[in-house]
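User: I am new to this structure and would like to go through it with you. Could you show it to me, please?
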Amino acid sequence: MKTTNKNGEQIKKLALVALLTAMVAVLAYFGGFVKIGGLASISLTLIPVVIGAVLCGPLTGAWLGGVSGAIFFATADAVFWFGLSLPGTVITVMVKGILAGLSAGLAYKLLEKFNKYAAVVVSAIVCPVVNTAIFLLGCLVFFFDTVKAGASAEGTSVFVYLIVVFVGLNFVFELLANIIFSPAIVKIISLGKKRN
């Protein structure tokens, strides 16, 4: 009886990961079509990444972040970045996605024993912070000439140019969306599990 129950839980977890993978793929592909200033596009992709990282663990978070990165390569935005540096784009996009999901899961694991709700909120904060930080690092390592030329043309510093043009309002939007939606969705899923 215990084996059947364990198998049932594994099947439910696999189904949840599959559903979240599909959500990430759709959000990653279609999120690039809506722009909010500069080069940034509205992205809700990190919400299912956080949910997967919290409910299924850090490796699922890493998987979902990797899926997000892989889907990016099929978008119109990828063409711009590939034109700057193909290897730099691949490395930056994949590393930022995978580490954002992994770090969200690790943050949750670290804090869940103290307060599960606070752990979800911290994970929802960590994910976009890591994602954006690695993106900025990738810009400095792989796309510095483009960033420097853009900053010079605008008469501003490289730092200000990165924050205003490359990150823009997207980071604020991602952060707020994650803080609002991720804990709420995790709570709803957890309540559903308790009723079953």
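User: How many aromatic pairs does a search of the whole structure find?
Analyst: The search finds seven aromatic pairs. Rings of Phe, Tyr and Trp (its six-membered ring) pair if their centres lie within 6.5 Å; planes under 30 degrees apart count as stacked, over 60 as edge-to-face and the rest as tilted. This is a predicted model, in which local features need pLDDT of at least 70 and side-chain atom pairs count only at pLDDT 80 or more, while totals for chains, interfaces and linings use all residues. Residues are numbered from 1 along each chain as its sequence is written, and side-chain values use heavy atoms, with hydrogens and water left out.
User: What kind of aromatic pair do Trp 81 and Phe 135 form?
Analyst: Trp 81 and Phe 135 form an edge-to-face pair, at 5.6 Å centre to centre and with 80° between the planes. Trp 81 lies in helix H4 (residues 76-84) and Phe 135 in helix H6 (residues 116-142), so the pair ties together parts that are 54 residues apart in sequence. Helices (H or I, at least four residues) are DSSP runs, numbered from the N terminus.
User: And are those two buried or exposed?
Analyst: Both Trp 81 and Phe 135 are buried, that is, under 20% relative accessible area with a 1.4 Å probe, protein chains only.
User: Which residues form one aromatic cluster?
Analyst: The cluster is formed by Phe 80, Trp 81, Phe 135, Phe 142 and Phe 143.
User: Changing topic: what is Thr 89 in contact with?
Analyst: Leaving aside neighbours within four places in sequence, Thr 89 is in contact (heavy atoms within 4.5 Å) with Phe 72, Phe 73, Trp 81, Phe 82 and Phe 143. Thr 89 is found in helix H5 and is buried, with a relative accessible area of 2%.
User: Now to H2. Why is it largely enclosed by the rest of the structure?
Analyst: Eleven of the eleven residues of helix H2 (residues 46-56) are buried, so the helix is largely enclosed. After H2 comes Gly 57, with a positive phi near 110°.
User: Which residues touch the most other members of the largest nonpolar core?
Analyst: Of its 24 residues, these are Val 49, Ile 51, Val 54, Leu 55, Cys 127 and Val 186. H2 gives the most to this core, with nine residues. A nonpolar core is a set of buried Ala, Val, Leu, Ile, Met, Phe, Trp, Tyr and Cys residues joined through side-chain atoms within 4.5 Å.
User: What about Val 49, which residues is it in contact with?
Analyst: Beyond neighbours within four places in sequence, Val 49 is in contact with Val 24, Gly 61, Leu 64, Gly 65, Gly 101 and Cys 127.

Terms used. Buried means under 20% relative accessible area, exposed over 50%, partly exposed in between (1.4 Å probe, protein chains only). Helices (H or I, at least four residues) and strands (E, at least two) are DSSP runs, numbered from the N terminus.
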